[in-house]
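We will go through its strands, a helix, its charged pairs and its domains.

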Amino acid sequence: MSEPLVLSAQVGAVRTLTLNRPKALNSFTADMHEALAQALSEAETDAQVRCLVLTGAGRAFCAGQDLADPAVAPNLAPGARPTDVGNVIERYYKPLVLRLRAMPVPVIAAVNGVCAGAGASLALGCDIVIAARSASFIQAFSKIGLVPDAGGTWLLPRLVGRANALALAMTGDKLTAEAAQQMGLIWKCVDDAAFADDVSATAARLAAMPVKALVATRAVIDASMQLGLADALSLEGEWQSRLSASRDYLEGVAAFMAKRPAHFSDR
Ligand code: T3D
């Protein structure tokens, strides 16, 4: 039997999904997209899941689109009709990126190795990015005559500003995990030996927090990018109204007053 294209593992309240095409650096085929979509559906609907970790098998996180996939590989025959790769974006990457951004739990990208093209966009679109020191980030698109996709053009300038975004996207240069952290592209870079433990500890910590509020924080911060201060203040107020009616708020305040650890349960 062939290996699953996405491995799924649950430890406590943390679900880890591992892209599993290591020989092709976990690049995306249509089948791997389908497998990931299925795994995300399961994570979304399983109340036991309170944090999601996305990572890659072997030495890469994800090398983006599988360029050998007949759906996207350019047809090199003279006079042949060009392959329209825009369809692949619309069918697979757009729903994937939007879905990760709307997950009902916090999402960590555990960048274990190189990520390139849409693989880099995928990692950067997650809520928190932790990279192993040996990992790297490559905006590979320019090298094959494309623009950054899977959210790259939206994410890069928001994360690191126009100057860095354009330089990274135009040169396609490899950025080390350490440089990515210094530039503010990712949250942190961790020594390889400490990487797995750091990811596990961070994920377990988030899973024990009021995840409904964490997910609302993502939504409000994303929305605030498009808002003026007055509208952002209003949106914060609307969310505080909703969240202050939640069990987690009552529990958080009760635990604080009683000087005991809180046990959050909303999702
Ligand atoms: O096109 C569309 O559908 C639109 C959507 C686009 C989204 C995108 O993601 S566009 C960008 C696509 N990705 C790339 O251009 C990256 C291509 N890969 C690389 O540049 C390099 O592999 C890396 C810099 C990531 C790593 O380099 P290195 O030297 O460590 O490894 P390698 O030897 O190049 O790769 C190892 C194997 O993985 C190799 O196969 P082999 O020779 O051992 O059989 C290589 O062909 C394969 N591989 C790596 N990336 C891809 C891939 N196979 C298919 N597609 C890939 N993207």
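Two strands count as paired if DSSP finds at least two bridges between them. Helices (H or I, at least four residues) and strands (E, at least two) are DSSP runs, numbered from the N terminus. With that settled, strand 2 (14-19) and strand 3 (51-56) run parallel and are joined by six bridges. Leu-17 has Leu-54 in strand 3 as its bridge partner.

On another side of the pairing scheme, strand 1 (residues 6-11) is antiparallel to strand 2, again with six bridges. Leu-7 sits opposite Thr-18 in strand 2. Strand 1 and strand 2 make a hairpin with two residues between them, and Gly-12 in the turn has a positive phi of about 60°. Five of the six residues of strand 2 are buried, so the rest of the structure largely encloses this strand. Here buried means under 20% relative accessible area, exposed means over 50%, and partly exposed lies in between (1.4 Å probe, protein chains only).

## How the model is read

This is a predicted model, in which local features need pLDDT of at least 70 and side-chain atom pairs count only at pLDDT 80 or more, while totals for chains, interfaces and linings use all residues. Residues are numbered from 1 along each chain as its sequence is written, and side-chain values use heavy atoms, with hydrogens and water left out.

## Strand 7 and its partners

Strand 7 (residues 128-132) has four of its five residues buried, so it is largely enclosed by the rest of the structure. Strand 5 (residues 107-111) runs parallel to strand 7 and is joined to it by four bridges. Strand 10 (residues 188-190) also pairs with strand 7, in the parallel sense, through three bridges.

## Helix 6

Helix 6 (residues 192-207) has 16 residues and spans 23 Å from its first C-alpha to its last, close to the 22 Å expected at 1.5 Å a residue. The expected span is 1.5 Å times one less than the number of residues.

Which residues of helix 6 are buried? They are Phe-195, Asp-198, Val-199, Thr-202, Ala-203, Leu-206 and Ala-207. These buried residues pack against strand 2, strand 3, strand 5, strand 7, strand 10 and helix 7 (211-224). Contact means heavy atoms within 4.5 Å.

## Salt bridges

The structure holds twelve salt bridges, each being a side-chain nitrogen of Lys or Arg within 4 Å of a carboxyl oxygen of Asp or Glu. One of them joins Lys-188 and Asp-198, at 3.0 Å from N to O. Lys-188 lies in strand 10 and Asp-198 in helix 6, so this pair ties together parts ten residues apart in sequence. Both Lys-188 and Asp-198 are buried. Arg-133, Glu-178 and Asp-191 are linked in a network of salt bridges.

Glu-34 and Arg-91 form another salt bridge, with their closest N and O atoms 3.9 Å apart. Glu-34 belongs to helix 1 (residues 30-45) and Arg-91 to helix 2, so the pair connects parts 57 residues apart in sequence. Glu-34 is partly exposed at 42% relative accessibility, while Arg-91 is exposed at 55%. Arg-101 and Asp-222 also meet in a salt bridge (2.8 Å, N to O). This pair links distant parts of the chain, with Arg-101 in helix 2 and Asp-222 in helix 7, 121 residues apart. Arg-101 is partly exposed at 25% relative accessible area, whereas Asp-222 is buried at 18%.

Asp-69 sits in the loop between strand 4 (60-62) and helix 2 (86-101). Asp-69 is buried but has no salt bridge, and the nearest side chain of opposite charge, Arg-21, is 7.6 Å away. For charge, Lys and Arg count as positive and Asp and Glu as negative; His and the chain ends are not counted. Apart from neighbours within four places in sequence, Asp-69 is in contact with Thr-29 and Ala-30.

## Two domains

The chain is divided into domain 1 (6-207) and domain 2 (211-258), with bounds that come from an automatic or database domain assignment. Their centres, taken over C-alpha atoms, are 28 Å apart. At the meeting of the two, 14 residues of domain 1 are in contact with seven residues of domain 2.
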